[in-house]
Amino acid sequence: MCFCLLFALPSETGYKARNEFAYKGIPGMDRLPLQGLKVVDIAVLFAGPTISQNMGDFGAEVIKVEHPKTGDSLRSLGATKDGVPLWWKITNRNKKCVTVN
């Protein structure tokens, strides 16, 4: 069973996702569809982080909240590159990671 909780709030920052240029040249796509939306991601493993990663791909500002001692469970799963697990890199792109005590 998977429990995930995502909060979406209007964003007041001028944050732009790393893929902001993905839609250049497509008529009517002068901004990403979710640009201006702020998402707080407190999910772990794959389902929730993948959903918020997709939201980040479409322009939302995603803030990932992790456990202060262990971090996300994906940080200790699978193969690594330069000391960072590849699954964590994939599911947490376009996110700002923070911890809360």
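This report walks through a predicted model of one protein chain, from its overall layout down to a few residues.

## Ground rules

Numbering starts at 1 along each chain as its sequence is written, and side-chain values use heavy atoms, with hydrogens and water left out. Since this is a predicted model, local features need pLDDT of at least 70 and side-chain atom pairs count only at pLDDT 80 or more, while totals for chains, interfaces and linings use all residues.

## The overall layout

The chain has 2 helices and 6 strands, in the order β-β-α-β-β-β-α-β along the sequence. Both kinds of element are DSSP runs numbered from the N terminus: helices are H or I with at least four residues, strands are E with at least two.

Of the 101 residues, 29% are buried. Here buried means under 20% relative accessible area, exposed means over 50%, and partly exposed is in between (1.4 Å probe, protein chains only). The accessible surface comes to about 6500 Å², with 61% of that belonging to carbon and sulfur atoms; areas come from the Shrake-Rupley method with a 1.4 Å probe, and for residues only the protein chains shown count as cover. As for contacts (heavy atoms within 4.5 Å), take those with a separation of 6 or more: 67% of them join residues 24 or more positions apart.

## Helix 1 and Gln 53

Helix 1 covers residues 47-57, Gln 53 included. The buried residues in this helix are Gly 48, Pro 49, Ser 52, Gln 53, Met 55, Gly 56 and Asp 57. Gln 53 itself has a relative accessibility of 5%. Its side chain makes a polar contact with the side chain of Asp 57 at 2.8 Å. That term covers a pair of N or O atoms within 3.5 Å; within protein, one must be able to donate a hydrogen and the other to accept it, and residues adjacent in sequence count only if both atoms are side-chain atoms.

Leaving out residues up to four places away in sequence, Gln 53 touches Ile 90, Thr 91, Arg 93 and Lys 95. Of these, Ile 90 is found in helix 2 and is partly exposed at 40%.

## One aromatic pair

There's 1 aromatic pair to look at. The rings of Phe 46 and Trp 87 have centres 5.3 Å apart and planes at 85 degrees, so they meet edge-to-face. The rule takes rings of Phe, Tyr and Trp (its six-membered ring) with centres within 6.5 Å; planes under 30 degrees apart are stacked, over 60 edge-to-face, and the rest tilted.

The pair links distant parts of the chain, 41 residues apart: Phe 46 sits in the loop between strand 2 (37-41) and helix 1, and Trp 87 in helix 2 (residues 86-91).

Most residues other than glycine have a negative phi. Asp 82 lies in the loop between strand 4 and strand 5 (84-85) and is exposed at 71%. Asn 94 is in the loop between helix 2 and strand 6 (95-99), but is buried at 4%.
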